[in-house]
Amino acid sequence: MASDLPEKVIDQMTKAGLPLNGQHTFRPRLTTNRKGESIIDKQAPTKGPKNGKKGFVDDQGRIWIKDHAHAGLPTHWDVQLDDGDDYIRVDFNGEEIQKS
């Protein structure tokens, strides 16, 4: 993880459970809040089953939306690709969970 990130952003990532290492490390796209502080950008995909559900945006424009445990999978991140056209599942350690 980049140590040049503001402490507030690192705290935000840790609290959310975003992966700080692994194959798919979360690298945030930053924006500023009303106070002028750097925070992680949040957006919602406009397509797919997660349409309209807000998540954290990474530096590649992918939207990370937390998904609860289901179908034998642990709680994980559904990382939206191409604004929700496709997605990958990523665990809290940054490793991809294969789709069955």
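Me: Why does asparagine 33 count as partly exposed?

Reply: Happy to take that one: asparagine 33 has 23% relative accessibility, and buried means under 20% relative accessible area, exposed over 50%, and partly exposed in between, with a 1.4 Å probe and protein chains only. The value of 23% therefore puts asparagine 33 in the partly exposed class. A word on the source: this is a predicted model, in which local features need pLDDT of at least 70, side-chain atom pairs count only at pLDDT 80 or more, and totals for chains, interfaces and linings use all residues. Residues are numbered from 1 along each chain as its sequence is written, and side-chain values use heavy atoms, with hydrogens and water left out.

Me: Where does asparagine 33 lie, and what does it touch?

Reply: Asparagine 33 sits in the loop between strand E1 (30–32) and strand E2 (38–40). Not counting residues up to four places away in sequence, asparagine 33 touches Lys8 and Ile39, where contact means heavy atoms within 4.5 Å. Aspartate 86 is 53 residues from asparagine 33 in sequence, and their C-alpha atoms are 29 Å apart.

Me: How do you know which stretches are helices and strands, and how many are there?

Reply: They are DSSP runs numbered from the N terminus: helices are H or I with at least four residues, strands are E with at least two. The protein has 1 helix and 8 strands, in the order α-β-β-β-β-β-β-β-β.

Me: What makes the radius of gyration agree with a compact globule?

Reply: The globule rule is 2.2 Å times the number of residues to the power 0.38, and the radius is taken over C-alpha atoms. For 100 residues a compact globule would come out near 13 Å, and the protein has 13 Å, so the two agree. The C-alpha trace spans about 40 × 25 × 20 Å along its principal axes, and 38% of the 100 residues are buried.

Me: What makes a set of residues a nonpolar core, and which residues have the most contacts inside the largest one?

Reply: A nonpolar core is a set of buried Ala, Val, Leu, Ile, Met, Phe, Trp, Tyr and Cys residues joined through side-chain atoms within 4.5 Å. The largest has 14 residues, and those with the most contacts inside it are Met13, Leu18, Phe26, Ile40, Phe56, Trp64 and Trp77. Helix H1 (7–16), strand E6 (76–81) and strand E7 (86–90) each supply at least two residues of this core, with the largest share, 4 residues, coming from H1.
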